[in-house]
Structure formats: C-alpha cells, structure tokens
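Work through the exercises below with the sequence and the model at hand. Each task is followed by a solution in steps.

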Amino acid sequence: MRVLGLISGTSHDGIDAAVVDFATSGGFTDHGVDLTGTVLAATSVPYAPELRARLIAALPPAPTTLAEVAELDTLIGQAFADVAADIAAQVGGVDAICSHGQTVYHWVDGAHALGTLQIGQPAWIAERVGVPVVSDIRIRDITAGGHGAPLVSFLDELLLRGRAGVTAALNLGGISNMTVVRQDGLVAYDIGPANALVDAVIVEHGLNPLGYDDDAAVARTGRVDEALLSALLDDPYYALTPPKSTGKEHFHLGYVHEHLAAQGRDIPVADVVRTLTELTVRTVARDVAAAGIGFLAVSGGGCRNPLILEGLRAALPETEVVLADELGAPADSKEAILLALIGWSTMHGVPAIVAGGTGAREPRILGTITPGAGPLHMPEPVAAIDSLTLGEATAS
C-alpha cells in the first residue's frame, strides 16, 4: 500500500510530504507483521508568504475570529491538496493519505492535555486526489489520557528497537521532543523550544526572508547572554516530569519580550538569537545526559543548525549523536514518514500509540477517515507491527 504523509509542524513554515510504499510479511489477524517501507518521494513546500503571514497573525496569544479560523482551514486544506496532488502524480498515484494539518492550538492544563486543534480541511485533499484521507490524529490519544504528543514515539520505538543500551530519537522542530528507549520500555515527551523562539525573533526583525536562522548566520554574530539564559532555564515547564507536552501557546514571541523586559537592559538582537539557540542546546543536553543516552538520532529543521548540532556533540561527549538518516528515516522527512506510517496503521486497524509514548492509558487507533472518490474499502486488519525497515527507492 502506497501512503502519502503530510504535515506542517510547529515551525509553520510549509508542508512536508513523503510517499512510502509499505509491504508486509508475516501473519495477519492473530499475529503481527514485519513491515518494510520504501520512501518513493519526499518534498517540502513553503507556504505562500501571505498565507503564512495570516497563519502567524492568528496563532495564540494573538486574538482571532472564528471567521479567520474557517478561512484558514480552507486555505491550508487547499495548500495541502496541491502538494498531495503533485507528489501523488510524481509517483504514479497513492492508495491513501494521512494529513496532520497545521496545529493552531494545543490545550494543556498543568500535567494534562485537554484538547488540540489542527486545521487544513482534509475533504479538499480527498476531493483533489480521490483516495481516503486519515486526519485529526492527535485527539484520540488525548481522550485516552495522553498528551497527543509526541506521536513520533510510535515510529521511534520501531526504529530503535533491538539496539543495545539506552537509545533515543530527538526531533528539533519548533518544539524539541525526544523518545528514550530502554530495555524495559520507553518514555517520550516535549523538552521545550527548539526553533520556535529563534524563528519568532528572526521574523519580528526581518533578519531572514526564510523565517529562520539559516546556517545559524545571525546567532554566529552574537554571544550567549548568561543572565538571560539563566532566567529562561528557570521556566517551570522544564521541571515537570514526563509525559508532558508544550507548544507555541507557551513558547512564543511575547514570551521572549517578557524575559527581555525583565532584564531591564538592552540586549542586541544577535545576542538574543544566540542565547535562544543555546537554550535549545542546554535543555536538550541536560535531559540526554540525565537519561544516560548512548545513541541519539536527530531529525527536524534544527538538525541543520550547526550551532545546535555542534553544541550537542560538545556537551555530550559520551553520546553518539547522528542524524536520523542512519535509522533509514531521512532527517528532513521523518515526520512526513511518520504520518504515512500512522495512515497505514489506521487503515489496517493498528493502534499507533506505544506504552510510555504519550501517557495514554491504552493504545488507540488514531484519526478519522474521509472517503475518496468511491466507496471506502478497508484492508484486512493487522494485529500489530512486529518490525519496521525503512529505505529509500533506488534510482533505476
């Protein structure tokens, strides 16, 4: 089954897509299957500047209207549909799609997640491509007591399974999240901001039209302000025990402004960017060291920031820090691959939650399904995925 995964993450800079051709071996119904996934194509398509600007303007803590949410739901759904149609045509068609959409609010109260909202109407995708679309994948986990995040723990556990010692997968998107796998199980949670705060400052000051600190060009010209960094590290969120989740409802531009105002002095913008970059390094390294992790596979946009990757390697001399490519999941498209895997799992009746991954009481089959052009025909159910091997298609 060919499944297309679509996602726009907490950096809200564009749409990542990956088509994975899944093949199974092993028994059905009573036994799990060994799953092989071949990545046929992957891409990342930036949002149109005017759409991204509207999205940013509507995100918390800014006020918005239901009219704006409804319009963005359609416009983002149409943007996702365009990307889906293009990449599906590139590979000669797909059998199903799983769309994460764009998170605009993640409701957390203390230690509990109570709701989450992703927009990007899936009916536009189903209408355009003509195949079933799995969507709204986070909320079922929340109803089962989980945080709805990090869902990537499902993929991480399969990729890290069987490795010796304590291993982990780290994703550096707008928010950093980590899955830690031990012999006796796993724990996964959101660590804190990865690119979210840096991106917000870059956009505010117009320092890069891309909306992020490309190659750490701005941060390289600044220095770490230790007083500001110390204040940022005192955030109570870091002291919470997993499972826990966070987002731009907490870590946003206003959050930076509050901390700068509390300092009572002018701090050069380059120093702010450098300090926020170091905040990611310090918070991640602290948790990696505390967990005794020996192998760390990194993905997400932040892994392309040399100050972050070099900083982690310098701070963690006892840890092998590699890109997720070494696990068969290209670092730049890992989350889109995850969505393809969740889509395959939902269509086959496989829960896409693992114990310890999100805090849910029990595994659940995720998402809702929008039918394609014809009747909805579900494949033969599968009990579980026993193993997963990922690879990229070879050029002929």
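**Exercise 1.** Which residues does Asp13 touch, not counting residues up to four places away in sequence?

*Solution.* The model is a predicted one. Start with the location: Asp13 lies in the loop that joins strand E1 (2–8) to strand E2 (14–26). Next, list the contacts. With residues up to four places away in sequence left out, Asp13 touches Ser8, Pro46, Tyr47 and Arg52.

**Exercise 2.** Decide whether Asp13 and Gly14 are buried, partly exposed or exposed.

*Solution.* Residues under 20% relative accessible area count as buried, and those over 50% as exposed. Asp13 has a relative accessible area of 34%, so Asp13 is partly exposed. Gly14, in strand E2, has a value of 5% and is therefore buried. To see what surrounds Gly14, look at its contacts beyond four places in sequence: Ile7, Ser8, Val45, Pro46 and Tyr47.

**Exercise 3.** Describe how helix H6 (residues 196–205) packs against helix H9 (residues 269–290).

*Solution.* Two packed helices are described by the angle between their axes and the distance between the axes. For H6 and H9 the angle is about 160 degrees, and the axes are 9 Å apart. Angles over 145 degrees count as roughly antiparallel, so H6 is roughly antiparallel to H9. The crossing of the two helices is left-handed. Now find the residues that meet. From H6 they are Leu197, Val198, Val201, Ile202 and His205. Their partners in H9 are Val269, Val272, Val273, Leu276, Thr277 and Leu279.

**Exercise 4.** Why can H6 be called largely enclosed by the rest of the structure?

*Solution.* Look at burial along the helix: H6 has 10 residues and seven of them are buried, so H6 is largely enclosed. The buried residues are Ala196, Leu197, Val198, Asp199, Ala200, Val201 and Ile202. Then look for the cover over these residues. It includes strand E8 (175–182), strand E9 (185–193), helix H8 (253–263) and H9.

Notes: Residues numbered from 1 in each chain as written. Predicted model: local features only at pLDDT ≥ 70, side-chain atom pairs only at ≥ 80, totals over all residues. Heavy atoms only, no water. Helix = DSSP H or I, 4+ residues; strand = E, 2+ residues; numbered from the N terminus. Buried < 20%, exposed > 50% of the residue type's maximum accessible area, 1.4 Å probe, protein only. Contact = heavy atoms within 4.5 Å. Axes fitted to C-alpha atoms, helices over the stretch in contact; angles between N-to-C directions. Parallel < 35°, antiparallel > 145°, perpendicular 65-115°, else oblique. Left-handed = near helix turned anticlockwise from the far one by under 90°.
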